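Have the sequence and the 3D view open side by side.

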Amino acid sequence: MAIPEELRRYWLPILLAAAGFLFQLLVLPKSFPPSHYDALGIPTFAPVEKVVEAYELLSREWLAETNDRSTVDIIKIRYAYELLTNPVWKRDYDLFGLDHHTDIFERVKEQYQKEHFLKIDLPLLKDSLIHSTGHAFNVITRDSLMSAIAEDYPLLIQVYSKGSPRCAQFFEYWKQIDTRLDGVANTAMVELGDVQLAGYFAEKRFSQQPFFRNGIPALVAYPANCRSPSCYMRYPGELTVDSVVNWVASSIVGLPRILYYSKETLGPQFIGKSSHHKVKAIFFSSTGERAAPFLRQAAQEYSSYASFAFVLWKEEESQIWWNSLGVESAPALVFLKGPGAKPVVYHGTFSKSEFTEIMEEHKHQELQQLRSDTSLDLGCDARGHSRAGKEIMIWYCVIAAGRPGVELSKKRQILRKAQDQLLSAAGESATGNLENLVEVASAATALKNDRLTFVWLDGELQKKICAFYLATDYHGACGPRGFEDDNDKPEVFIVRFQRNATYEALKADKKNNLIETLQGQDTPDASQLVARYNGPDGILEINKWVSQIIKDGDTREIPYFTSKVPDLVPEETNKEWLSGTKGIRSAGKSLKERVQNSGFSFRDYLTDPRIGPALLMLACISWGTIWFKNIQSAQKTPKDEAPKDKTDKRRRPKLSTTLFGQPESSADPEPRDARQWEMDSDSD
């Protein structure tokens, strides 16, 4: 069936007109249902006196014998009367369009729609005012808002109403949220009675009427670096404790997430991929809930020292965790402090202060790594001093160097046990038991007095300083693994550091000499003497060797000399899980956040009464445009073409076809400029 030509020509205005009429007749009325004032037959925003007067008049009508109203209509009238005579409910309805008891209205309507209205249990609504104090809930006003957001902590604000049953139910959740965010973010509340401040946090319709898209309670938050009242962010999710706390910790504070691992992925995905120098902190949870904000805050603060993971506790896997880590039940916390080190296990829950104390105690591995950011604290840097203090002139550092792998892990484990043996020997000396102290006395005393340090060195990353200490024979311990060079051979050596008081005094006298300062700026203050261990991997043998080195180094006169030492390469801290949190955040700066904070929704257009007339106007404009073009085309008439001798361009002459062996036509066209000459008869 062919579409008529007129319909094809005017399809756009027809479509726009149909859309406009459908919007005005079907869509717009659903967006503006009858109000409670309409149910009572009084003007919008009428005072309570008018509400009571209208209700009394209507109640006389349905009590009369001639009453023809249905039970549902009577329920609507009664519901409107109870809502509009309550000052708090009427305020919320008039200012923000909030109806806190729609669920009760629907339930009563369904229950009594087939019953006589006299059987309805009155009153329909129960008073659910929240009796609160400003001190208990930190209720803020417009005047105190600026001082609240000026603090260093983020601020989470709940917009609530004293007349909302939903707010009353959420109150217990709010106390839990406040407790879990303690030390991470502050909380405050704004009552709808503070119309200006509550309206500031509300969204705006096209008519500029404030409203809360998801009702109340509504949550907004200010990041810590936000100093403007307009840079808040709206919470878009469900009103559960876990969801709200996670949103504040992730989106507002910018804390890293701590992931869950199974027994199959804990080893390869967490322990295997974490930095070698970091302590592994593993939390066992029986509920599977997200990490508390203070744990995530600790994961951020101690990211240079430790890696964090969660494991969901299952009874069928309890034997595995008991055999491998010594965990009996959940909740529990386990620290893995290096290869071969016994796991440190804590059972039970912890407060923020308790967990901070535990982290301070276990943030280092039992055998620490020699790094650019730890060398001075460990006393293994010629530019620094001993751990015992600046007055100590001679100290030592035992280093296990090698490429990260199985062999280096074994060497680290041996060196850690050697350190534990010396600590035990030092403890026995304090109690008077000297049986096992004679052969390692010098090393045990030096370790006890912080003149001896045990560390390990990543020879693959720190290849320059590793090769400097091991001289020429460093293959297998220093540098990256090359082609056909996979034979890892970690080395153990000791470095003797010595400072010279006379040299330091001379250096202090020359500190004003610029040339001397520039010449000696890369020269360390302490001399270094290196000795490599070539004996068996026995713990006692290593300690005997260390003790003999310390004994000789303390008693023998060794010439003081200095040389330029390669710098330790700065390690890149593994913070992939912190990506996206460093840009926190002046809220609402990105396009995505602006769209979310604006609360834009396509449904908002369905409440705009300007859409229907605009569509009809566009239909009229498009119809008029098409009609005018058709009239113009119909009025056009063919006109005589003007002579083109003077106006047209000269045509390009054609090539003669005789050049290609084809004879010209006998009737060649006469040239335009040709003239006929008449000849006299006498010329014959």
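Q: Which residue in β11 does A332 stand opposite?
A: Heads-up: this is a predicted model, where local features need pLDDT of at least 70 and side-chain atom pairs count only at pLDDT 80 or more, while totals for chains, interfaces and linings use all residues. Residues are numbered from 1 along each chain as its sequence is written, and side-chain values use heavy atoms, with hydrogens and water left out. Strand β10 (residues 332-336) runs antiparallel to β11, joined by four bridges (DSSP must find at least two bridges for strands to pair). In that pairing, the residue standing opposite A332 is H347.

Q: In what order do the five strands of the open sheet line up?
A: Strands here are DSSP E runs of at least two residues and helices are H or I runs of at least four, numbered from the N terminus. The edges are β7 (260-261) and β11 (344-347), each pairing on one side only. The pairing is mixed, and the order is β7-β9-β8-β10-β11.

Q: Does β8 pair with β9 in the parallel or antiparallel sense?
A: On one side, β8 and β10 are antiparallel with five bridges, and A281 has F335 as its bridge partner in β10. Toward β9, F284 has V311 as its bridge partner. Across seven bridges, the sense of the β8 and β9 pairing is parallel.

Q: Why is β8 largely enclosed by the rest of the structure?
A: Look at both faces: V279, A281, F283 and S285 point one way, K280, I282 and F284 point the other, and all are buried. Buried means under 20% relative accessible area with a 1.4 Å probe, counting protein chains only. β8 is largely enclosed because its buried residues number seven of the seven.

Q: Which residues of β10 point the other way from A332, V334 and L336?
A: In a regular strand the side chains alternate between the two faces of the sheet. β10 is mostly covered, with five of its five residues buried. Opposite to A332, V334 and L336, the buried residues pointing the other way are L333 and F335.

Q: At about what angle to β10 does helix α16 run?
A: Axes are lines fitted to C-alpha atoms (for helices, over the stretch in contact), with angles from 0 to 180 degrees between N-to-C directions. Helix α16 (residues 352-362) lies across β8 (279-285), β9 (306-312), β10 and β11. Relative to β10, α16 runs at about 15°.

Q: How are α5 and α6 oriented to each other?
A: The axes of α5 (residues 71-84) and α6 (residues 87-96) come within 6 Å and cross at roughly 100°. E82, L83 and L84 in α5 meet W89, K90 and Y93 in α6 (contact means heavy atoms within 4.5 Å). Angles of 65 to 115 degrees count as perpendicular, and α5 and α6 are therefore roughly perpendicular.

Q: At roughly what angle do α19 and α23 cross?
A: On the α19 side (residues 441-448), A441, S442, A443 and A446 meet N543, V546, S547, I550 and K551 in α23. The axis of α23 (residues 539-555) comes within 7 Å of that of α19, and the crossing angle is roughly 75°.

Q: What share of the 684 residues count as buried?
A: Zooming out, the secondary structure comes to 25 helices and 16 strands. Of the 684 residues, the share that counts as buried is 40%.

Conventions: Buried means under 20% relative accessible area, exposed over 50%, partly exposed in between (1.4 Å probe, protein chains only). Angles under 35 degrees count as roughly parallel, over 145 as roughly antiparallel, 65 to 115 as roughly perpendicular and the rest as oblique.
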